[in-house]
Amino acid sequence: MDTFASEFTEHLNRLSGLSGKPGLGCFKQLIHLKETASTNDCAWELFEKNRAGHGTLVTADAQTAGKGRFGRKWMSATPKGLYASILLTPDPGLRIPHILTTAAAIAIAETIREFYKIQVRIRWPNDIVSD
C-alpha cells in the first residue's frame with residue numbers, strides 16, 4: 001500500500017476507535033480488507049446479514065470487481081489507491097443519493113488537500129484522484 005493510503009487507513013482506525021465518544025468519532029465500524037471484489041458489495045452483504053449498519057466504513061487496498069457508473073466494471077491499480085464505501089441509512093427525507101455522493105466527494109477531497117497536503121481532483125461523481 002502506498003504511503004498516503006497507509007496513513008489514511010491509520011487515521012481512519014484512530015477515528016473509528018473514538019466513535020463511542022460523543023463528537024469525536026465519525027465511524028461506528030471500520031472494516032479494512034487487503035482485497036475484495038467490491039467494497040460496496042461487501043458493505044451491502046454485511047448490512048443484509050446484520051453485521052454492519054449506519055456509519056460502517058469498508059476500505060480495501062484492491063478491488064477485483066469494482067463498479068462504476070452505469071454498471072461499468074473496473075479493476076483497481078494496487079497498491080496505488082484506497083477504495084472505500086460508507087454505509088449510510090439517513091432519514092427518508094435525506095435519501096438523495098446523488099447529493100450525498102457529491103457532498104461526500106467534495107468533503108473528502110478538501111480534507112485530503114488540507115490534512116495531507118496532496119493535490120487531488122474529483123472524477124465525478126465520487127472518485128478522488130491524485131495524479
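Analyst: Helix α3 is followed by K117, a residue with a positive phi, near 55°. The model is a predicted one, in which local features need pLDDT of at least 70, side-chain atom pairs count only at pLDDT 80 or more, and totals for chains, interfaces and linings use all residues. Residues are numbered from 1 along each chain as its sequence is written, and side-chain values use heavy atoms, with hydrogens and water left out.

User: In which loop does K117 lie, and is K117 buried or exposed?

Analyst: Most residues other than glycine have a negative phi. K117, a residue other than glycine, has a positive phi. Its relative accessible area is 64%, so K117 is exposed (over 50%; buried is under 20%, partly exposed in between, with a 1.4 Å probe and protein chains only). The loop that holds K117 is the one between α3 and β6 (121-123); helices (H or I, at least four residues) and strands (E, at least two) are DSSP runs, numbered from the N terminus.

User: How far apart are the end C-alpha atoms of α3?

Analyst: Helix α3 comprises 20 residues, 97-116.

User: Which residues of α3 are buried, and what arc do they cover?

Analyst: The buried residues of α3 are A105, A109, I112 and Y116. They lie on the same side of α3, because the arc they cover around the axis, taken from the directions from the helix axis to the C-beta atoms, is only 85°.

User: Which exposed residues does the face of α3 turned away from its buried side carry?

Analyst: The buried side of α3 is formed by A105, A109, I112 and Y116. On the face turned away from that side, the exposed residues are E114 and F115.

User: How many salt bridges are there?

Analyst: Side chains of opposite charge can pair when their charged atoms come close. A salt bridge here is a side-chain nitrogen of Lys or Arg within 4 Å of a carboxyl oxygen of Asp or Glu. By this rule, the count is three.

User: How many residues apart are K34 and D61, the pair that links distant parts of the chain?

Analyst: K34 and D61 meet through their side chains in a salt bridge, at 3.7 Å from N to O. K34 is exposed, at 63% relative accessible area, whereas D61 is buried, at 7%. K34 belongs to strand β1 (residues 29-36) and D61 to strand β2 (residues 56-63), and the two are 27 residues apart.

User: What is the N to O distance in the salt bridge of R123 and D127?

Analyst: R123 is partly exposed at 46% relative accessibility, and D127 is partly exposed at 28%. Their side chains meet in a salt bridge with an N to O distance of 3.1 Å.

User: Which residue of β5 is the bridge partner of A60?

Analyst: Strands β2 and β5 pair in the antiparallel sense over five bridges, where pairing requires that DSSP find at least two bridges between the strands. Strand β5 (residues 83-87) has an uncovered face, A84 and I86, and a covered face of Y83, S85 and L87. The bridge partner of A60 in β5 is Y83.

Technical notes. Expected span 1.5 Å × (residues − 1).
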